[in-house]
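Here are some brief notes to read alongside the model. Please check them against the coordinates as you go.

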Amino acid sequence: MLNKGIADMKESDVALPTLASGAKRKNVIVCWDFDFSLINGNSDYFVQDKLYDGDDKYTKEIAPAMKAEAAKQGTTVFTDFQDLYGWPKVFKDFNLNAQSFARLVSDIPVFEENVQIVKGIDRQASSNLDGVNQCRVQQYIISNANEVLIDNILKKHKLYGTVFKDDQIFTNPGWYDATSGVLRCQRYHNVELGDGQLANAHTCDICDANLCKGKVLKEEVMCRHNRLFNYDNVVIYVGDGGNDLCPVRSLKAGDYAFVRKFKECSGLEAKIEADGGSLKCNVLKWKDGKELLQNFQKVLPELQF
């Protein structure tokens, strides 16, 4: 059995538990965080860091100064900040429109193995109902980005509408303003209606106010897979950020968290280091697409990636 925390060991030396077996068919539910998980970058800042002289000047200097000013005006939720300050600035400063922005943001790096993985999962999913396949699989994106960012990046890699359809993507609404052409975005949860009223509220103390990933996993993903008399559900969650702890801590024994590791322990890895003893799921780490593919091959040997 895998260590339930992050341990300094080689996963190749660990005897992986087999996924649920028996008379029931296996039903694998793969959930992807987007930034630094499915893709290898921050989609909210990628364009800005390219245009503002590079070297992460926007991330390290410009954005923090803007956030401080926004906070003085009462804007502290990141999605609100992007809508009111972040996107208007970069679109105005560089005279962007939907077409030029799409070209820029779609250049964000993606590990080729990650594309290989999601396409392999999609091939398996196409035979979910053939009556022969004993391993059903479906995949979803649960992300703090927004629809426009995810749409453009997936399209670049020919994944949108094919590998990932609209009902497999849970993220903040995004659109281009009909008058100004500027990218807009809105919270997924805790949508402000005025007079202190919120729609689709969540009260999670781990996730950002705009979206609770654990709430999405429980109420919008797992509810699609509740035929437990026919299938044994196994969840694989791929993530890197601190707010990914919320869905990961809800996983059961036999589920998997594929946790990204960086040069310095941070994000989800650091959260698990601090509180990993409470986790029930198995934890496997990865630093790049090659290691992530190896994790999938170990846990899902039935699939051809």
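Predicted model: local features only at pLDDT ≥ 70, side-chain atom pairs only at ≥ 80, totals over all residues.

1. The protein chain has 11 helices and 10 strands.

2. Overall dimensions. The C-alpha trace spans about 60 × 40 × 40 Å along its principal axes.

3. Helix pair α3 and α4. Look at residues 57-72 (α3) and 78-93 (α4). Their axes come within 11 Å and cross at roughly 115°. The crossing is right-handed.

4. Who makes that contact. From α3 come Tyr-58, Ile-62, Ala-63, Met-66, Lys-67 and Ala-70. From α4 come Phe-78, Phe-81, Gln-82, Tyr-85, Gly-86 and Lys-89. By class, the contact residues of α3 with α4 split into 8 nonpolar, 2 polar and 2 charged.

5. The largest pocket. Its volume is about 380 Å³. It is lined by 20 residues. Closest to the pocket centre are Asp-35, Asn-42, Asn-144, Asp-208 and Asn-243.

6. Where the lining comes from. Elements giving two or more residues to the lining of the largest pocket are α1 (34-38), α4 and β2 (135-146). β2 gives the most, with 3 residues.

7. How do the residues lining the largest pocket divide by class? They comprise 4 nonpolar, 8 polar and 8 charged.

Notes
Residues numbered from 1 in each chain as written. Heavy atoms only, no water. Axes fitted to C-alpha atoms, helices over the stretch in contact; angles between N-to-C directions. Helix = DSSP H or I, 4+ residues; strand = E, 2+ residues; numbered from the N terminus. Left-handed = near helix turned anticlockwise from the far one by under 90°. Contact = heavy atoms within 4.5 Å. Nonpolar A, V, L, I, M, F, W, Y, C, P; charged D, E, K, R; others polar. 1 Å grid on protein atoms, 1.4 Å probe; cavity = no way out; pocket = protein on both sides within 12 Å on 5 of 7 lines; lining within 4 Å. Points joined across faces, edges and corners; volume = space filled by probe spheres on them.
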